[in-house]
Structures are given as C-alpha cells and as structure tokens.
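Please walk through this structure with the model open beside the text.

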Amino acid sequence: MNKQSHFNQLLQNGKFAALAIDQGTSLKNIIKESKGKTFKTSDYFYFKKQIVLNLGIEASSVLFDYETYMSDPSFRTINTSKIIAYEDDAYNIDNNSRITLLPKKLHKNDEIIKDFSAIKFFMYFNPDSDPKLNSQKFEVIKHVGQICKDLDIPYLFEPLLYFDERTNIDYQSFLLKKAIYIKYLYKEFSKSQYQIDIIKIEFPFNEDQVNGFENDGISSIYSFENCYEIMKECFENSTTPFVFLSAGMKFNNFLHSLELAKSSKINLLGFLCGRSIWQDSINIFCKSGQDDFMHWVTSEGKIRIEKLKNVLTSD
C-alpha cells in the first residue's frame, strides 16, 4: 500500500476526525493521584482501552503510543485506521533542549509498523529559541520525514509551541505573539525538505483570551471576528493539509474554535482531539466507578465526537 492509499484511510467523508489517548506518564499519574492507594496499573490501561474501543470506532483514526497498542490484542482488530506515535514518552523531555527522543521499542523495520496508516511525531518548538538549537530540531524532524518516505507512509508532524525562558521575551509577550508563531510554524513545516504530509497544529489564539469562551473573562482580548481574521492570516494560503489539536482545551472552547475555523473558510482537513473529548471522564472513573464512567463514555463521549465531526461536514 502506498502513501496516498494510507492517507485516504485516515479520512472519514473526506475529513480527518481523529481521537488521541495520552501516551506516557502524565495520564497515568493523574489517575494514580486521584485513586490514591487503590490505584492499580490495570486501572490506567482499562481507562485507555474503553476510550479507544468505544470512542475510537466513531473517529476516522486513532492515535496510539506503542505501549498502549501492545497492551491489548483487541486494538489490532478495531475497524478504524491507526496512527503510531513515533517517539519516546511524550513527557520524558530534556527541559533544556526540548528535543524529542525517538522510540526505544519501535523501529522503522518492525513488522508492527504495517498496522498503521500514518506516523505521528512531535517537537517542542519556539521560533525565538537559539538558532543552533532549532537547527538541531530541524534535522531530527527531517530524519523522521525520511523514515516516513522510506516506509511510504504519511508523516503527521506536530510542532508544539512552548515558552523558552532563555529568549528575551517575557511570558505575556510570548502569549501575545501566538498568532505570529503559529503562522511561522505552519509556513516553515510546509516546506518540501521536511516531507511532511499533515501538520497537526494549535489554534493561533489562546482560549483564555477569547471573549465568549468559557474562561474568567479577565484577560479576553480577542472577539470572534478577531479570531476569523487571525486564522485567515495564518492559513488562507495553505498548501500542506493541516488539522487542529485540542491542547487540552475545554470541550466547548475546542468545539467553538473549530466552528470559528470552519466559518473563516480556511481549508482545514480536520482535528486530532484527545483530552478535550474525554478529560471530564477521568474524575468520574476515579471517584464514581466503572459503571458511571462507561455511561459517560457511551453517551456524552460519543455525543462530543459527533458534534466535532458535524462541524467539519457542515456547509
């Protein structure tokens, strides 16, 4: 199967509507802290399994980390295309360089790669960081691009904007520059030398700063009209397909952000959403038990995915 065939597998009605379930240590630690002494590692995998099996079937594709995928044979038979995270623990990052480590247990020649329709790779990136550091990151990103080319599989790349304390910009100024940063990231990683097929990117505004979103309203500086214009400025001349990530936004804020994107007429391919869909179920799982958790997943969880998908297909 070639790259284009794999790419088509990622879509549902021509749109990318993917589910993510956190990899690495963060989610495990949240569940462990909430459940306290009653926590078992099996709780963590049970939570992830039910999210994938019940909500993944509603999505166009599901993003897996290697550990989760290998934890249960049922994942190999779900009738949804699969994406593999080609990186080590997403939360095991050197705080100085923020250079993503390649996976220790998964290699490009592994047979298991054939189960997947795309490879996802992320890199923390700040355009104002030391050029030498960013050059190192460029090389790693290109390296993964070559791996994807060799495998003839789509490359889904996620540049994660972060605040680099070593720059000469204070945090508030950094927040105000978000639209400029996102425009840079999209333009840079659309260049052919990276061999990226889909860019997974943040909205070019902060949810806490949008008037009308669920926030404290204190720091609101953007109207919906501002958001339209910002998204047009960043993406109206798009060449490389792109999808928006949820970055842990409140669900309604992510939903409204997608609606704004659709209304602004930019050519977005879709979304890859994780916590914004299912984060409200963590406390139910930990405090109220499996029955209440499963009720939430099969009712509210599915409703949320349908709402997001309906935005993509609406006229």
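In which loop is the place of Gly14? Gly14 sits in the loop between helix 1 (3-9) and strand 1 (16-20). The model is a predicted one, and everything below is computed from it. Gly14 has a relative accessibility of 46% and therefore counts as partly exposed.

The next stop is strand 4, which covers residues 118-125. Of its 8 residues, 8 are buried, so strand 4 is largely enclosed by the rest of the structure. In a regular strand, side chains alternate between the two faces of the sheet. In strand 4, Ala118, Lys120, Phe122 and Tyr124 point one way, while Ile119, Phe121, Met123 and Phe125 point the other way. The residues of both sets are all buried.

Strand 4 has pairing partners to consider. Strand 3 (residues 81-85) runs parallel to strand 4 and is joined to it by 3 bridges. Strand 5 (residues 155-161) also pairs with strand 4 in the parallel sense, over 7 bridges.

Is Glu158 buried or exposed? Its relative accessibility is 6%, so Glu158 counts as buried, the cut-off for that class being under 20%. Setting aside neighbours within four places in sequence, Glu158 is in contact with Lys120, Phe121, Phe122 and Met123, and also with Lys200 and Leu245. Lys120, Phe121, Phe122 and Met123 are residues of strand 4.

The last stop is a helix pair. Two packed helices are described by the angle between their axes and the distance between the axes. The axes of helix 11 (residues 280-287) and helix 12 (residues 290-313) come within 8 Å and cross at roughly 165°. That angle makes helix 11 roughly antiparallel to helix 12, because angles over 145 degrees are placed in that class. The crossing of the two helices is right-handed.

Which residues of helix 11 and helix 12 meet? From helix 11 come Asp280, Ser281, Ile284 and Phe285. On the helix 12 side they meet Gln290, Asp292, Phe293, Trp296 and Arg304. Sorted by class, this contact has 4 nonpolar, 2 polar and 3 charged residues.

Note on methods
Residues are numbered from 1 along each chain as its sequence is written. This is a predicted model: local features need pLDDT of at least 70, side-chain atom pairs count only at pLDDT 80 or more; totals for chains, interfaces and linings use all residues. Side-chain values use heavy atoms; hydrogens and water are left out. Axes are lines fitted to C-alpha atoms, for helices over the stretch in contact, and angles run from 0 to 180 degrees between N-to-C directions. Helices (H or I, at least four residues) and strands (E, at least two) are DSSP runs, numbered from the N terminus. Angles under 35 degrees count as roughly parallel, over 145 as roughly antiparallel, 65 to 115 as roughly perpendicular and the rest as oblique. A crossing is left-handed if the near helix is turned anticlockwise from the far one by less than a right angle, and right-handed if clockwise. Contact means heavy atoms within 4.5 Å. Ala, Val, Leu, Ile, Met, Phe, Trp, Tyr, Cys and Pro count as nonpolar, Asp, Glu, Lys and Arg as charged, and the others, Gly among them, as polar. Buried means under 20% relative accessible area, exposed over 50%, partly exposed in between (1.4 Å probe, protein chains only). Two strands pair if DSSP finds at least two bridges between them.
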